[in-house]
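Subject: Structure for you to look at

Hello,

Here is the structure we talked about. Please open it first and keep it beside you while you read the notes below.

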Amino acid sequence: MEARAAGTDRAVEAVFREEHGRLLASLVRRFGDLDLAEEVASEAVEAALVHWPVQGVPDKPGAWLLTTARRKAVDRLRRDQAYAARLAVLQVDADRAGPAPAPDTGVTDSELPDERLQLFFTCTHPALLPEARGALTLRCLAGLTTPEVARAYLVPPATMAQRIVRAKKKIREARIPFRVPGADELPARLPGVLQVLYSIFTEGYTASSGPRLQRLDLAEEAVRLARILHRLLPAEREVTGLLALMLLVHARRAARTGPDGELVLLEDQDRDRWDRPMIDEGLALVPPALAGGPPGPYGVQAAIAALHDEAADLTTTDWPQIVALYDVLLTLTPSPVVALNRAAAVAMRDGPEAGLALLDDLADDERLRGHHPYPAARADLLQRLGRLPEAAAAYRQALELAGTEPERAHLRRRLDAVEQAGPDTTTHP
(Lines give C-alpha, C1' and ligand atoms only; values in the text may rest on other atoms or scores of the structure.)
Protein backbone atom coordinates (compact mmCIF):
# COMPACT_ATOMS: atom_id res chain seq x y z
CA MET A 1 0.00 0.00 0.00
CA GLU A 2 2.80 2.41 0.94
CA ALA A 3 4.65 1.59 -2.29
CA ARG A 4 1.48 2.28 -4.29
CA ALA A 5 0.95 5.60 -2.50
CA ALA A 6 4.56 6.59 -3.13
CA GLY A 7 4.17 5.70 -6.80
CA THR A 8 1.03 7.82 -7.02
CA ASP A 9 2.81 10.74 -5.34
CA ARG A 10 5.57 10.50 -7.93
CA ALA A 11 2.99 10.33 -10.73
CA VAL A 12 1.25 13.46 -9.44
CA GLU A 13 4.57 15.26 -9.13
CA ALA A 14 5.57 14.29 -12.67
CA VAL A 15 2.20 15.32 -14.11
CA PHE A 16 2.16 18.57 -12.19
CA ARG A 17 5.70 19.53 -13.23
CA GLU A 18 4.90 18.76 -16.87
CA GLU A 19 1.44 20.34 -16.94
CA HIS A 20 2.00 23.16 -14.46
CA GLY A 21 2.60 25.90 -17.00
CA ARG A 22 -0.39 24.95 -19.13
CA LEU A 23 -2.63 24.58 -16.10
CA LEU A 24 -1.61 27.90 -14.58
CA ALA A 25 -1.85 29.76 -17.89
CA SER A 26 -5.35 28.45 -18.53
CA LEU A 27 -6.48 29.41 -15.03
CA VAL A 28 -5.00 32.91 -15.24
CA ARG A 29 -6.65 33.39 -18.61
CA ARG A 30 -10.00 32.26 -17.22
CA PHE A 31 -9.96 34.05 -13.85
CA GLY A 32 -7.48 36.90 -14.32
CA ASP A 33 -5.68 36.41 -11.00
CA LEU A 34 -2.26 34.79 -10.70
CA ASP A 35 -2.51 34.21 -6.94
CA LEU A 36 -5.92 32.56 -7.28
CA ALA A 37 -4.65 30.43 -10.14
CA GLU A 38 -1.68 29.18 -8.11
CA GLU A 39 -3.84 28.44 -5.06
CA VAL A 40 -6.47 26.41 -6.89
CA ALA A 41 -3.80 24.61 -8.93
CA SER A 42 -2.22 23.50 -5.64
CA GLU A 43 -5.63 22.46 -4.32
CA ALA A 44 -6.20 20.40 -7.45
CA VAL A 45 -2.92 18.59 -6.85
CA GLU A 46 -3.91 17.95 -3.24
CA ALA A 47 -7.19 16.50 -4.50
CA ALA A 48 -5.27 14.28 -6.91
CA LEU A 49 -3.18 12.95 -4.04
CA VAL A 50 -6.41 11.99 -2.27
CA HIS A 51 -8.35 10.51 -5.21
CA TRP A 52 -5.74 8.99 -7.53
CA PRO A 53 -4.40 6.38 -5.06
CA VAL A 54 -7.99 5.05 -4.79
CA GLN A 55 -9.32 5.64 -8.30
CA GLY A 56 -6.05 5.35 -10.21
CA VAL A 57 -4.31 7.99 -12.31
CA PRO A 58 -6.82 9.18 -14.94
CA ASP A 59 -6.16 8.72 -18.64
CA LYS A 60 -6.12 12.50 -19.08
CA PRO A 61 -4.41 13.75 -15.89
CA GLY A 62 -3.85 17.29 -17.16
CA ALA A 63 -7.50 17.70 -18.05
CA TRP A 64 -8.50 16.24 -14.65
CA LEU A 65 -6.37 18.81 -12.85
CA LEU A 66 -7.73 21.68 -14.94
CA THR A 67 -11.35 20.69 -14.44
CA THR A 68 -10.81 20.30 -10.67
CA ALA A 69 -8.96 23.58 -10.37
CA ARG A 70 -11.67 25.44 -12.29
CA ARG A 71 -14.38 24.10 -10.03
CA LYS A 72 -12.44 25.13 -6.93
CA ALA A 73 -11.83 28.60 -8.32
CA VAL A 74 -15.50 29.13 -9.16
CA ASP A 75 -16.56 27.84 -5.72
CA ARG A 76 -14.12 30.16 -3.99
CA LEU A 77 -15.17 33.20 -5.98
CA ARG A 78 -18.86 32.53 -5.38
CA ARG A 79 -18.29 32.27 -1.62
CA ASP A 80 -16.37 35.53 -1.52
CA GLN A 81 -18.69 38.53 -1.83
CA ALA A 82 -15.77 40.81 -2.60
CA TYR A 83 -15.23 38.88 -5.83
CA ALA A 84 -18.85 38.77 -6.96
CA ALA A 85 -18.76 41.79 -9.27
CA ARG A 86 -15.32 40.88 -10.51
CA LEU A 87 -16.41 37.37 -11.42
CA ALA A 88 -19.27 38.78 -13.49
CA VAL A 89 -16.87 41.07 -15.37
CA LEU A 90 -14.46 38.21 -15.98
CA GLN A 91 -17.27 36.08 -17.31
CA VAL A 92 -18.25 38.81 -19.76
CA ASP A 93 -14.62 39.11 -20.91
CA ALA A 94 -14.38 35.34 -21.28
CA ASP A 95 -17.57 35.23 -23.35
CA ARG A 96 -16.22 37.93 -25.63
CA ALA A 97 -12.98 36.02 -26.10
CA GLY A 98 -14.83 32.82 -26.97
CA PRO A 99 -16.49 30.07 -24.95
CA ALA A 100 -14.27 28.23 -22.52
CA PRO A 101 -14.86 24.55 -21.70
CA ALA A 102 -17.28 24.27 -18.80
CA PRO A 103 -15.78 22.86 -15.61
CA ASP A 104 -18.10 19.87 -15.56
CA THR A 105 -17.81 18.75 -19.19
CA GLY A 106 -14.71 16.60 -18.79
CA VAL A 107 -12.06 18.39 -20.85
CA THR A 108 -9.89 16.10 -22.94
CA ASP A 109 -6.16 16.61 -23.34
CA SER A 110 -6.65 17.62 -26.97
CA GLU A 111 -9.01 20.38 -25.76
CA LEU A 112 -6.75 21.50 -22.95
CA PRO A 113 -5.73 25.02 -24.02
CA ASP A 114 -2.05 25.83 -24.25
CA GLU A 115 -1.88 29.45 -23.22
CA ARG A 116 1.66 29.36 -21.92
CA LEU A 117 2.78 31.89 -24.52
CA GLN A 118 0.67 34.54 -22.78
CA LEU A 119 2.23 33.54 -19.48
CA PHE A 120 5.76 33.84 -20.95
CA PHE A 121 5.09 37.44 -21.91
CA THR A 122 3.37 38.25 -18.61
CA CYS A 123 6.24 36.89 -16.51
CA THR A 124 8.86 38.71 -18.57
CA HIS A 125 7.04 42.02 -18.98
CA PRO A 126 9.48 44.98 -19.08
CA ALA A 127 7.54 46.70 -16.29
CA LEU A 128 8.84 44.04 -13.88
CA LEU A 129 12.28 44.24 -12.32
CA PRO A 130 14.85 42.08 -14.16
CA GLU A 131 15.45 39.79 -11.17
CA ALA A 132 11.71 39.21 -10.85
CA ARG A 133 11.27 38.12 -14.46
CA GLY A 134 13.43 35.03 -14.17
CA ALA A 135 11.98 34.15 -10.77
CA LEU A 136 8.40 34.34 -12.04
CA THR A 137 9.28 32.34 -15.15
CA LEU A 138 10.71 29.52 -13.04
CA ARG A 139 7.82 29.70 -10.56
CA CYS A 140 4.95 29.87 -13.05
CA LEU A 141 6.18 28.14 -16.19
CA ALA A 142 8.72 25.63 -14.87
CA GLY A 143 6.60 24.80 -11.82
CA LEU A 144 9.44 25.23 -9.31
CA THR A 145 8.48 25.90 -5.71
CA THR A 146 9.52 29.16 -4.09
CA PRO A 147 12.36 27.45 -2.15
CA GLU A 148 13.56 25.86 -5.41
CA VAL A 149 13.54 29.26 -7.14
CA ALA A 150 15.37 30.72 -4.14
CA ARG A 151 18.08 28.07 -4.52
CA ALA A 152 18.30 28.88 -8.22
CA TYR A 153 19.07 32.51 -7.39
CA LEU A 154 21.11 31.75 -4.29
CA VAL A 155 18.93 33.84 -1.97
CA PRO A 156 16.99 32.89 1.18
CA PRO A 157 13.45 31.53 0.55
CA ALA A 158 11.94 34.47 2.45
CA THR A 159 13.72 36.92 0.17
CA MET A 160 12.51 35.11 -2.92
CA ALA A 161 8.95 34.90 -1.55
CA GLN A 162 8.93 38.68 -1.09
CA ARG A 163 10.32 39.17 -4.59
CA ILE A 164 7.61 37.01 -6.13
CA VAL A 165 4.86 38.69 -4.08
CA ARG A 166 6.04 42.12 -5.23
CA ALA A 167 6.12 40.96 -8.85
CA LYS A 168 2.58 39.63 -8.65
CA LYS A 169 1.44 42.86 -7.02
CA LYS A 170 3.04 44.80 -9.85
CA ILE A 171 1.21 42.67 -12.42
CA ARG A 172 -2.07 43.27 -10.61
CA GLU A 173 -1.69 46.99 -9.89
CA ALA A 174 -0.15 47.91 -13.25
CA ARG A 175 -2.74 45.74 -14.98
CA ILE A 176 -0.07 44.01 -17.01
CA PRO A 177 -2.05 42.21 -19.71
CA PHE A 178 -2.14 38.44 -19.98
CA ARG A 179 -1.78 38.25 -23.74
CA VAL A 180 0.62 37.67 -26.60
CA PRO A 181 1.88 40.97 -28.02
CA GLY A 182 0.57 41.90 -31.44
CA ALA A 183 2.66 41.54 -34.57
CA ASP A 184 3.78 45.16 -34.23
CA GLU A 185 4.87 44.65 -30.59
CA LEU A 186 6.44 41.19 -30.84
CA PRO A 187 9.87 42.25 -32.20
CA ALA A 188 10.35 44.56 -29.22
CA ARG A 189 9.03 42.16 -26.57
CA LEU A 190 10.41 38.78 -27.67
CA PRO A 191 14.10 39.58 -26.96
CA GLY A 192 13.18 40.13 -23.31
CA VAL A 193 11.64 36.66 -23.09
CA LEU A 194 14.67 35.09 -24.75
CA GLN A 195 17.05 36.98 -22.46
CA VAL A 196 15.29 35.63 -19.37
CA LEU A 197 15.58 32.04 -20.62
CA TYR A 198 19.21 32.53 -21.65
CA SER A 199 20.04 34.04 -18.24
CA ILE A 200 18.53 31.01 -16.51
CA PHE A 201 20.52 28.70 -18.78
CA THR A 202 23.75 30.65 -18.30
CA GLU A 203 23.50 30.36 -14.52
CA GLY A 204 22.98 26.62 -14.95
CA TYR A 205 25.84 26.25 -17.44
CA THR A 206 28.37 28.06 -15.24
CA ALA A 207 27.14 29.00 -11.79
CA SER A 208 27.94 32.49 -10.55
CA SER A 209 29.11 31.08 -7.22
CA GLY A 210 29.10 27.98 -5.07
CA PRO A 211 30.86 24.62 -4.82
CA ARG A 212 29.83 23.32 -8.28
CA LEU A 213 30.69 24.54 -11.75
CA GLN A 214 27.36 23.52 -13.25
CA ARG A 215 23.80 23.52 -11.96
CA LEU A 216 22.37 20.94 -14.30
CA ASP A 217 18.82 21.10 -12.95
CA LEU A 218 18.64 24.80 -13.76
CA ALA A 219 20.15 24.37 -17.22
CA GLU A 220 17.74 21.54 -17.99
CA GLU A 221 14.73 23.63 -16.91
CA ALA A 222 15.92 26.40 -19.25
CA VAL A 223 16.20 23.91 -22.12
CA ARG A 224 12.73 22.58 -21.35
CA LEU A 225 11.27 26.08 -21.33
CA ALA A 226 13.04 26.89 -24.60
CA ARG A 227 11.53 23.77 -26.16
CA ILE A 228 8.06 24.93 -25.05
CA LEU A 229 8.63 28.41 -26.47
CA HIS A 230 9.87 26.92 -29.74
CA ARG A 231 6.73 24.79 -30.02
CA LEU A 232 4.62 27.88 -29.43
CA LEU A 233 6.59 30.15 -31.80
CA PRO A 234 8.13 27.79 -34.38
CA ALA A 235 8.46 30.50 -37.05
CA GLU A 236 10.52 32.87 -34.87
CA ARG A 237 14.11 32.34 -35.96
CA GLU A 238 15.69 33.68 -32.77
CA VAL A 239 13.60 31.29 -30.68
CA THR A 240 14.97 28.51 -32.87
CA GLY A 241 18.46 29.93 -32.51
CA LEU A 242 18.26 30.07 -28.72
CA LEU A 243 17.07 26.47 -28.47
CA ALA A 244 19.84 25.36 -30.86
CA LEU A 245 22.45 27.24 -28.82
CA MET A 246 21.28 25.71 -25.54
CA LEU A 247 21.25 22.19 -26.96
CA LEU A 248 24.69 22.48 -28.57
CA VAL A 249 26.25 23.84 -25.39
CA HIS A 250 24.38 21.65 -22.91
CA ALA A 251 25.43 18.58 -24.92
CA ARG A 252 28.95 18.98 -23.46
CA ARG A 253 27.79 18.91 -19.83
CA ALA A 254 29.16 15.45 -18.93
CA ALA A 255 32.67 16.28 -20.14
CA ARG A 256 32.96 19.74 -18.56
CA THR A 257 33.84 18.41 -15.12
CA GLY A 258 36.02 15.56 -13.88
CA PRO A 259 35.22 12.82 -11.35
CA ASP A 260 35.63 15.19 -8.42
CA GLY A 261 33.78 18.09 -10.03
CA GLU A 262 36.93 19.79 -11.26
CA LEU A 263 36.79 22.08 -14.28
CA VAL A 264 37.81 20.52 -17.61
CA LEU A 265 38.61 23.00 -20.37
CA LEU A 266 37.22 22.54 -23.87
CA GLU A 267 40.63 21.56 -25.20
CA ASP A 268 40.92 18.74 -22.65
CA GLN A 269 37.38 17.38 -22.80
CA ASP A 270 36.67 13.79 -23.83
CA ARG A 271 34.40 14.48 -26.78
CA ASP A 272 33.11 10.92 -26.74
CA ARG A 273 31.22 11.96 -23.61
CA TRP A 274 29.34 14.68 -25.45
CA ASP A 275 25.63 14.02 -25.99
CA ARG A 276 25.55 13.24 -29.73
CA PRO A 277 21.73 12.98 -30.09
CA MET A 278 21.42 16.42 -28.48
CA ILE A 279 24.12 17.78 -30.79
CA ASP A 280 22.31 16.36 -33.83
CA GLU A 281 19.09 17.99 -32.65
CA GLY A 282 20.84 21.32 -32.20
CA LEU A 283 22.64 21.11 -35.56
CA ALA A 284 19.33 20.55 -37.33
CA LEU A 285 18.00 23.80 -35.86
CA VAL A 286 20.91 26.01 -36.94
CA PRO A 287 20.01 26.35 -40.66
CA PRO A 288 16.40 27.48 -40.03
CA ALA A 289 17.67 29.86 -37.36
CA LEU A 290 19.92 31.56 -39.91
CA ALA A 291 17.74 31.35 -43.02
CA GLY A 292 15.13 33.79 -44.26
CA GLY A 293 16.65 37.12 -43.33
CA PRO A 294 19.49 38.83 -41.45
CA PRO A 295 20.87 36.59 -38.69
CA GLY A 296 20.08 37.23 -35.05
CA PRO A 297 22.48 37.02 -32.09
CA TYR A 298 21.26 33.64 -30.86
CA GLY A 299 21.40 32.12 -34.33
CA VAL A 300 24.99 33.31 -34.78
CA GLN A 301 26.01 32.00 -31.35
CA ALA A 302 24.38 28.67 -32.23
CA ALA A 303 26.45 28.55 -35.42
CA ILE A 304 29.63 29.12 -33.37
CA ALA A 305 28.64 26.36 -30.94
CA ALA A 306 27.94 24.06 -33.90
CA LEU A 307 31.47 24.53 -35.26
CA HIS A 308 32.89 23.57 -31.86
CA ASP A 309 30.66 20.49 -31.61
CA GLU A 310 31.44 19.31 -35.15
CA ALA A 311 35.22 19.45 -34.67
CA ALA A 312 37.17 16.35 -33.69
CA ASP A 313 39.45 18.37 -31.42
CA LEU A 314 40.70 21.88 -30.79
CA THR A 315 43.28 21.85 -33.58
CA THR A 316 40.78 20.84 -36.28
CA THR A 317 38.22 23.43 -35.22
CA ASP A 318 37.38 25.92 -37.98
CA TRP A 319 38.80 28.96 -36.20
CA PRO A 320 38.68 31.27 -39.25
CA GLN A 321 34.95 30.67 -39.57
CA ILE A 322 34.45 31.16 -35.83
CA VAL A 323 36.29 34.50 -35.96
CA ALA A 324 34.12 35.53 -38.94
CA LEU A 325 30.99 34.67 -36.96
CA TYR A 326 32.22 36.68 -33.99
CA ASP A 327 32.71 39.60 -36.38
CA VAL A 328 29.03 39.31 -37.28
CA LEU A 329 28.02 38.94 -33.64
CA LEU A 330 29.94 42.09 -32.71
CA THR A 331 27.87 44.08 -35.20
CA LEU A 332 24.65 42.65 -33.72
CA THR A 333 25.51 42.88 -30.03
CA PRO A 334 28.65 44.95 -29.53
CA SER A 335 29.88 44.09 -26.05
CA PRO A 336 33.22 43.54 -24.34
CA VAL A 337 32.34 39.92 -23.58
CA VAL A 338 31.80 39.17 -27.28
CA ALA A 339 35.07 41.02 -28.04
CA LEU A 340 36.81 38.89 -25.39
CA ASN A 341 35.55 35.68 -26.95
CA ARG A 342 36.56 36.90 -30.40
CA ALA A 343 40.08 37.67 -29.13
CA ALA A 344 40.37 34.12 -27.80
CA ALA A 345 39.33 32.78 -31.21
CA VAL A 346 41.83 35.06 -32.97
CA ALA A 347 44.54 33.69 -30.66
CA MET A 348 43.68 30.19 -31.86
CA ARG A 349 43.72 31.31 -35.50
CA ASP A 350 46.69 33.70 -35.54
CA GLY A 351 48.64 32.92 -32.39
CA PRO A 352 48.74 34.19 -28.79
CA GLU A 353 50.46 37.50 -29.66
CA ALA A 354 47.56 38.54 -31.89
CA GLY A 355 44.98 37.53 -29.31
CA LEU A 356 46.81 39.32 -26.51
CA ALA A 357 46.92 42.56 -28.51
CA LEU A 358 43.14 42.47 -28.82
CA LEU A 359 42.74 41.74 -25.10
CA ASP A 360 44.99 44.66 -24.22
CA ASP A 361 42.71 46.91 -26.27
CA LEU A 362 39.91 45.97 -23.85
CA ALA A 363 41.91 46.67 -20.69
CA ASP A 364 40.20 49.97 -19.91
CA ASP A 365 36.63 48.71 -20.34
CA GLU A 366 35.07 48.90 -16.88
CA ARG A 367 32.48 46.28 -17.80
CA LEU A 368 35.23 43.64 -17.69
CA ARG A 369 36.62 44.70 -14.30
CA GLY A 370 34.66 42.06 -12.38
CA HIS A 371 34.61 39.46 -15.17
CA HIS A 372 37.17 36.81 -14.25
CA PRO A 373 37.42 35.22 -17.75
CA TYR A 374 39.17 38.39 -18.93
CA PRO A 375 42.26 38.17 -16.67
CA ALA A 376 42.15 34.38 -17.03
CA ALA A 377 42.35 34.68 -20.83
CA ARG A 378 45.21 37.19 -20.56
CA ALA A 379 47.03 34.90 -18.14
CA ASP A 380 46.74 31.95 -20.50
CA LEU A 381 48.11 33.88 -23.48
CA LEU A 382 50.90 35.43 -21.40
CA GLN A 383 51.83 31.96 -20.16
CA ARG A 384 51.91 30.64 -23.72
CA LEU A 385 54.22 33.53 -24.66
CA GLY A 386 56.54 32.75 -21.75
CA ARG A 387 55.83 36.01 -19.93
CA LEU A 388 55.48 34.22 -16.63
CA PRO A 389 55.52 37.02 -14.03
CA GLU A 390 52.78 38.85 -15.94
CA ALA A 391 50.86 35.59 -16.32
CA ALA A 392 51.09 34.96 -12.57
CA ALA A 393 49.74 38.44 -11.81
CA ALA A 394 46.84 37.91 -14.20
CA TYR A 395 46.06 34.50 -12.68
CA ARG A 396 45.97 36.07 -9.21
CA GLN A 397 43.55 38.72 -10.45
CA ALA A 398 41.31 36.06 -12.00
CA LEU A 399 41.47 33.99 -8.81
CA GLU A 400 40.14 36.92 -6.78
CA LEU A 401 37.16 37.31 -9.13
CA ALA A 402 36.21 33.66 -9.84
CA GLY A 403 32.85 32.66 -8.40
CA THR A 404 32.83 28.87 -8.09
CA GLU A 405 35.25 26.60 -6.27
CA PRO A 406 36.06 24.49 -9.40
CA GLU A 407 37.05 27.66 -11.25
CA ARG A 408 39.19 28.84 -8.35
CA ALA A 409 40.84 25.41 -8.03
CA HIS A 410 41.66 25.42 -11.74
CA LEU A 411 43.18 28.90 -11.54
CA ARG A 412 45.21 27.91 -8.46
CA ARG A 413 46.69 24.98 -10.39
CA ARG A 414 47.58 27.22 -13.30
CA LEU A 415 49.10 29.81 -10.97
CA ASP A 416 51.15 27.15 -9.17
CA ALA A 417 52.45 25.85 -12.50
CA VAL A 418 53.52 29.34 -13.57
CA GLU A 419 55.20 30.11 -10.24
CA GLN A 420 57.09 26.79 -10.26
CA ALA A 421 58.27 27.37 -13.83
CA GLY A 422 60.54 30.18 -12.69
CA PRO A 423 61.33 33.61 -14.09
CA ASP A 424 60.38 35.10 -17.43
CA THR A 425 61.67 32.90 -20.24
CA THR A 426 60.71 35.22 -23.09
CA THR A 427 63.51 35.84 -25.59
CA HIS A 428 63.83 39.33 -27.01
CA PRO A 429 65.54 40.25 -30.26
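Which charged end sits over the ring of Y205? The charged end of R256 does, at 3.6 Å from the ring centre. Please keep in mind that this is a predicted model.

First, the overall picture. The protein has 19 helices and zero strands. Of its 429 residues, 47% are buried. It exposes about 20,800 Å², and carbon and sulfur atoms supply 54% of that area. Take the contacts between residues at least 6 apart in sequence: 66% of them join residues at least 24 apart.

Next, the aromatic rings. The structure holds three aromatic pairs. One of them is formed by Y198 and Y298, whose ring centres are 5.5 Å apart and whose planes meet at 80°, so this pair is edge-to-face. Y198 belongs to helix α9 and Y298 to helix α13, so the pair ties together parts that lie 100 residues apart in sequence. Y298 has a relative accessibility of 9% and therefore counts as buried, the cut-off being under 20%.

Another pair, F201 with Y205, is stacked, with 6.2 Å from centre to centre and 20° between the planes. Both residues lie in helix α9, four residues apart, which is about one turn of the helix. As a general point, an α-helix has 3.6 residues a turn, so residues three or four places apart point the same way.

Now helix α13, which covers residues 297-310. How far apart should its end C-alpha atoms be? At 1.5 Å a residue, its 14 residues should span 20 Å, and the end C-alpha atoms are 20 Å apart, so the two values agree. The helix is mostly covered, with 11 of its 14 residues buried. Among them are Y298, G299, V300, L307 and H308. The cover over the buried residues of α13 includes α9 (186-205), α11 (237-250), α12 (276-290) and α14 (319-332).

Apart from residues up to four places away in sequence, H308 touches R252, L266, R271, W274, T317, W319 and I322. Two residues of that list, R252 and W274, also have an arrangement of their own: the charged end of R252 sits over the ring of W274, 5.7 Å from its centre.

Last, I171, which is in helix α8 (residues 157-173). I171 counts as buried because its relative accessibility is 12%. Which residues does I171 contact, leaving aside its neighbours within four places in sequence? They are L34, T122, L128, L136 and I176. L34 and I171 are 137 residues apart in sequence, yet their C-alpha atoms are 8.8 Å apart in space.

Regards

Conventions:
Residues are numbered from 1 along each chain as its sequence is written. This is a predicted model: local features need pLDDT of at least 70, side-chain atom pairs count only at pLDDT 80 or more; totals for chains, interfaces and linings use all residues. Side-chain values use heavy atoms; hydrogens and water are left out. Helices (H or I, at least four residues) and strands (E, at least two) are DSSP runs, numbered from the N terminus. The expected span of a helix is 1.5 Å times one less than its number of residues. Buried means under 20% relative accessible area, exposed over 50%, partly exposed in between (1.4 Å probe, protein chains only). Contact means heavy atoms within 4.5 Å. Rings of Phe, Tyr and Trp (its six-membered ring) pair if their centres lie within 6.5 Å; planes under 30 degrees apart count as stacked, over 60 as edge-to-face and the rest as tilted. A charge sits over a ring if NZ of Lys or CZ of Arg is within 6 Å of the ring centre and within 35 degrees of the ring normal. Accessible areas come from the Shrake-Rupley method with a 1.4 Å probe; for residues, only the protein chains shown count as cover.
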